[in-house]
Amino acid sequence: MEKNIIITGGSRGIGAATALLAAEQGYNVGITYREQEAAAHAIVTQINQKDGKAVAVQMDVSKEADIVHAFTQFDKQLGRVTALVNNAGTLKQGRVVDTSAAYLEQLFATNVIGSFICAREAIKRMSTARGGQGGGIVNVSSIAARLGSANEYVDYAATKGAIDTFTIGLAKEVIDEGIRVNAVRPGLIHTDIHTSGGEPGRIERLKNSLPMKRGGYPEEVARAILWLLSDDASYSTGVLLDVSGGR
Ligand code: NAP
């Protein structure tokens, strides 16, 4: 069976590392990006130059029409999706007392609703009840869902709490259709998200509070994601796998 993976937010960070490792493992790879077209195309080129197959499609995950369009493009350019990684996500540091409804709507649209709509489009294509061959979904949550992230981003932590519940429920809903649904919960990982969220030195500030006393690397999360998608994890669904240095 052909292995076709779609990774949202594959231009950078955890998504890009997952794309590169997936290609090494024999997947045809579809990545989406929002703004960083050059970075996305660099990942695609890297995969294609090693005789893999990769394509990139622009998509704002907070926009349903963009998601539907992207999945149609992947149908044409890649074939029927067999694995989805709901990875695109965003955060901004701030306290609840300073928040606004407009910001929260955008945050939840990106981090939560986008994952629901991507999963919907994947299930339509994977479900054995709809003529598909089954597949796997991995949601990228965060250890923040368990910690609450007081004084940093309670709102972001709450979006990841929603992703955990989504993972547990959806796993039970679609297992009879040949689809396993799991999540990874990364801790402090070396990517741009800390700088774009408002604190470039965040890992340095917090790393000694972790049992492992270091930040993690995107490749360490990518390996967990691809394990959950693989047949080696054939008896696991609805799992929330912490990749967080022991915290
Ligand atoms: P990153 O380096 O900032 O990359 C974020 C990716 O998401 C980029 O590819 C970006 O696309 C894409 N993206 C952001 N907003 C988007 C939107 N509205 N529509 C479509 N794509 C969008 O972040 P990362 O650290 O790799 O994070 C990946 C996931 O891991 C996120 O869900 C994050 O919450 C989670 N996570 C990260 C950490 C950590 O410490 N790094 C810890 C726990 C969980 P463009 O670059 O093209 O704009």
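**View 1. Helices H1 and H9 cross in this predicted model.** The axes of helix H1 (residues 13–24) and helix H9 (residues 218–229) come within 8 Å and cross at roughly 55°. That angle makes H1 oblique to H9, because an angle under 35 degrees would count as roughly parallel and one of 65 to 115 as roughly perpendicular. The crossing of H1 past H9 is right-handed.

**View 2. Side by side, H1 and H9 meet through these residues.** H1 contributes Gly13, Ile14, Ala17, Thr18, Leu21 and Ala22. From H9 come Pro218, Glu219, Val221, Ala222, Arg223, Ile225 and Leu226. Sorted by class, the contact of H1 with H9 has nine nonpolar, two polar and two charged residues. Glu219 and Arg223 of H9 belong to the charged class. Gly13 and Thr18 of H1 belong to the polar class.

**View 3. Seven strands form an open, parallel sheet.** The strand order is E3-E2-E1-E4-E5-E6-E7. Strand E3 (54–58) and strand E7 (240–243) are the edge strands. Each of these two pairs on one side only. From one strand to the next, the twist averages 20°.

**View 4. Strand E1 pairs with strand E2.** Strands of a sheet pair through backbone hydrogen bonds, either parallel or antiparallel. Here E1 (residues 4–7) and E2 (residues 28–33) run parallel. Four bridges join them. Take Ile6: its bridge partner in E2 is Gly30. In the sheet order, E1 sits between E2 and E4.

Technical notes
Residues numbered from 1 in each chain as written. Predicted model: local features only at pLDDT ≥ 70, side-chain atom pairs only at ≥ 80, totals over all residues. Heavy atoms only, no water. Pairing = 2+ DSSP bridges. Axes fitted to C-alpha atoms, helices over the stretch in contact; angles between N-to-C directions. Parallel < 35°, antiparallel > 145°, perpendicular 65-115°, else oblique. Left-handed = near helix turned anticlockwise from the far one by under 90°. Contact = heavy atoms within 4.5 Å.
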